Amino acid sequence: MQTVVRKRRTSAAQPTSNHSKSGAREKWASEKKNFHFDIWFCLMLQNWVLDFGRPIVMIILPLEWFPLNKPSAGDYFHMAYNVLTPFLLLKLIERSPRSLPQSSVYLCIITFVMGASIHLVGDSINHRLILSGYQLHLSVRENPIIKDLKPTSLIDCFELLYYYDEQLGHLMWYIPFFLILFLYFTGCFTQIKEEKKMPLSGWLLLWPSALYYWYLVTEGQIFELFLLSFLAMGALVVHRWRKGSSLDSNGEFLFYSFFLTMGLVAVWVTYLWNDPVLRKKYPGLIYIPEPWSYYTLYIKDSR
């Protein structure tokens, strides 16, 4: 008799357990489809504070607090950025309604951390050179504090440092960054009208996010990479639209952010189009001056 009672209790408890698991799965699926304000806001905030803010905090804080032979406040900001950004990108990937290739995601995150860490070292030394009189709007060999170095092989060492900081570090940092965003973007399509509407919070985040991407593209000198990512997104939108799908709220936020960034870059280039000094520093077909080069050329000495 007791055995029969236990079986009845077990059979009665199983539907409740299955119902709770089903409800949890439905809730998680619903969260994946909603606008991810928490992640987009955290990404925007830490990008502005830890990336854009690190050279500013190094300028504001007294040099006596952070000797040249010790890490600066900006270096600590960079360290925090190198930890928080890949974490937030992984959380963003987790919210994707589409199953993404995990091996590609992990490889991107590992490369991202390595590239950002290379940039941390190079940028830290570069800041100390600026405090010693290095001018960002001039090339390495044209800088007054560099061109008279003896032996001249030291100049080659500084050019190697510049390569690690501004070229290799940026490529290993930004290629996986935009690749992860694009992988996430591939899952941001829906045929349900209710999921296509971007909330007011998304529209409010658009401008600060786009303004940060403008800084990233111009200061990082990665316009070609950004343009390629934007064109790939546009091609994917057209392709999916022909199949009857359109962007959901998260896809709209990401695509509109990139669209506004393109406009801001165009305004920046138009403003400095005829600048003779910056034209010499940034030769070639694609002319995208760096904001901090503009700062050392026109703002730093006028303060």
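Helices here are DSSP runs of H or I with at least four residues, numbered from the N terminus. The model shown in every view is predicted.

View 1. L45 is found in helix α2, which covers residues 37–60. Together with F37, F41 and V49, L45 makes a nonpolar surface patch of about 310 Å². The relative accessible area of L45 is 42%, so this residue counts as partly exposed.

**View 2. Salt bridge between D38 and R95.** The closest N and O atoms of D38 and R95 are 2.8 Å apart, and the two residues form a salt bridge. This pair links distant parts of the chain, 57 residues apart: D38 lies in helix α2, and R95 in the loop between α3 (73–94) and α4 (102–131). D38 is partly exposed, at a relative accessible area of 38%. R95 has a relative accessible area of 17% and is buried, because the cut-off for buried is under 20%.

View 3. K91 and E94 both belong to helix α3 and sit three residues apart, about one turn of the helix. They form a salt bridge in which the closest N and O atoms are 3.1 Å apart. K91 is partly exposed, with a relative accessible area of 33%. E94 is also partly exposed, with a value of 40%.

**View 4. Salt bridge between E159 and R141.** The side chains of these two residues, E159 and R141, meet in a salt bridge with an N to O distance of 2.9 Å. E159 is in helix α6 (residues 153–185) and R141 is in the loop between α4 and α5 (144–147), so the pair links distant parts of the chain, 18 residues apart. Relative accessible area is 31% for E159, which is partly exposed. For R141, likewise partly exposed, the value is 41%.

**View 5. Salt-bridge network of D51, R54 and D123.** Salt bridges that share partners join D51, R54 and D123 into one network. A search of the whole structure finds seven salt bridges. Side chains of opposite charge can pair when their charged atoms come close.

**View 6. The whole chain, for orientation.** The chain has eleven helices and two strands, and from the N terminus on its elements run α-α-α-α-α-α-β-α-α-β-α-α-α. Of the 303 residues, 43% are buried. Among contacts with a separation of 6 or more, 77% are between residues 24 or more positions apart. The chain exposes about 16,800 Å², of which carbon and sulfur atoms supply 66%.

Technical notes. Residues numbered from 1 in each chain as written. Predicted model: local features only at pLDDT ≥ 70, side-chain atom pairs only at ≥ 80, totals over all residues. Heavy atoms only, no water. Patch = residues over 30% accessible without salt bridge, like charges linked within 9 Å, V, L, I, M, F, W, Y side chains within 5 Å. Areas by Shrake-Rupley, 256 points an atom, 1.4 Å probe, with all protein chains shown as cover. Salt bridge = Lys/Arg side-chain N within 4 Å of Asp/Glu carboxyl O. Buried < 20%, exposed > 50% of the residue type's maximum accessible area, 1.4 Å probe, protein only. Contact = heavy atoms within 4.5 Å.
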